[in-house]
Amino acid sequence: KSNAMWGGRFAAGPDAIMEAINASIGYDKRLAFQDITGSRAHAAMLAAQGIISDTDAQTIREGLLTVLSEIESGNFEFSTALEDIHMNVEARLKEIVGEPAGRLHTARSRNDQVATDFKLWTRDQMDAVVMGLEALINALLDQAEAGADWVMPGFTHLQTAQPVTWGHHMMAYVEMLGRDMSRFKDARARMNENPLGSAALAGTGFPIDRHMTAEALGFDRPTANSLDAVADRDFALEFLSCASITAMHLSRFAEELVIWSSAQFRFVTLSDRFSTGSSIMPQKKNPDAAELIRAKVGRIMGAMVALFTVMKGLPLAYSKDMQEDKEQVFDAADNLMLAVAAMTGMVSDMTANVDSLRAAAASGFSTATDLADWLVREAGLPFRDAHHVTGALVALAESKGCDLPDLSLDEMKSAHESITDGVYTVLTVENSVASRTSYGGTAPTQVRAQIARWREVLK
Ligand code: ARG
């Protein structure tokens, strides 16, 4: 038997393999709500424009709600023969309301329909991600506030560089995730144009009102070129790009948590709720959530590359290749949401080991820069000379197996005669961080100002 929707010119039905490669219902059923919302708006518009009767529109709109409730309650039988969500919904509508169902597809094609559905879905996801990121940022702000003046080592090359504050480190991620949030918002604003009414590719001769459906569906305006509207998947690519950058940020933080929670670092203790044990080694508490978050960027970025590769080289307008867009976006969205939620839980539950952080901050000659700065400020040395003198003192301390503050004043003077015992005050990690008051610096005063600014932004 040939297809009920397009079988007019066909004598035979598709081969089973054809059906299998063609069908998208297995995953695009996730667009059911958006599909029905779009169709209801389309039917209302067709009636308002006198293209179908008010009675038919009414019947269609009510019938679609019945279909939706069947789907939502799990009483809907999806059919692979009907390919996708659009035809599954329409076929069921026909069973429920009969003849008027056949009028719904007037002045419309599955091409503008799927673009509309998918945009509505992606738009909702962007909003959901933004909300998730906001929760994560709030968890980070709480950590930052608690530890605005806890001192920890700051690293470059993962080598001790200068002392920073725990709050400062948390706030670094707030900045990253804040940019992520704004990227999603930008993308949402750019994509919020209505493709519905572009029909197959060329628009339609029916006197439709695309502004009306745009408004009904919460779009800012109709898309301005029907060819572009049905061929465009920029919104999906932007979603995946924003998702990839966010996932990359989460991955970097996850990596730090993996390192920090190791017995060698002991910077943080992750909660039992976000750790797992080992089936053989009884002492183990593994940071699995952090590791999986670290890994998620692989599949999310993979989805982005996959869709870019699908889209490159496609001639205008719609090609069936584009059906491969949805699984990538669905998978990326699901995993990003999961990663954000898991990170939020981990951050809220984790305990900073303040003493280990401080001890680590004080080792590795972390205040060497403070000593060099002191020589510039108090002894008038050019910074390059101060750097050299300090380097000699670091070498001396290293050879003695002690830290900079453990050197005697005589030993200090052996490197430069103008050093006085005033130098010792700048060698403590507390004074080091407190001195870094430049805007955006690690001083607790600066960190608290940034926390306050973010609290205000998120209010
Ligand atoms: N299932 C299709 C997709 O996801 C819907 C659009 C089909 N359009 C077409 N002309 N075959 O892209």
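**Rings, burial and charge**

Modeller: A search of the whole structure finds 12 aromatic pairs. Rings of Phe, Tyr and Trp (its six-membered ring) pair if their centres lie within 6.5 Å; planes under 30 degrees apart are stacked, over 60 edge-to-face, and the rest tilted.

Colleague: Why does Phe155 count as partly exposed?

Modeller: Its relative accessibility is 27%. Buried means under 20% relative accessible area, exposed over 50%, and partly exposed in between (1.4 Å probe, protein chains only). The value 27% falls in between, so Phe155 is partly exposed. Phe265, at 24%, is partly exposed too.

Colleague: What makes Trp166 and Trp260 a tilted pair?

Modeller: Their centres lie 5.7 Å apart, with 40° between the planes. Trp166 is in helix α7 (residues 166–191) and Trp260 in helix α10, 94 residues apart. Both are buried.

Colleague: Which residues do ring pairs link into a cluster?

Modeller: Trp150, Phe155, Trp166, Trp260, Phe265 and Phe267.

Colleague: How do you know that Arg30 lies over the face of Phe330?

Modeller: Arg30 is 4.8 Å from the ring centre. The rule asks for NZ of Lys or CZ of Arg within 6 Å of the centre and within 35 degrees of the ring normal. Arg123 sits over the ring of Phe219 as well, 5.0 Å from its centre.

Colleague: How many disulfides does the search find?

Modeller: It finds 0. A disulfide needs a pair of cysteine sulfur atoms within 2.5 Å. Cys242 counts as buried at 6%, and Cys402 at 16%.

Colleague: What is the confidence behind this?

Modeller: The chain averages a pLDDT of 96 (the predictor's confidence in each residue, from 0 to 100). This is a predicted model: local features need pLDDT of at least 70, side-chain atom pairs 80 or more, while totals for chains, interfaces and linings use all residues. Residues are numbered from 1 along each chain as its sequence is written, and side-chain values use heavy atoms, without hydrogens and water.

Key. Helices (H or I, at least four residues) and strands (E, at least two) are DSSP runs, numbered from the N terminus.
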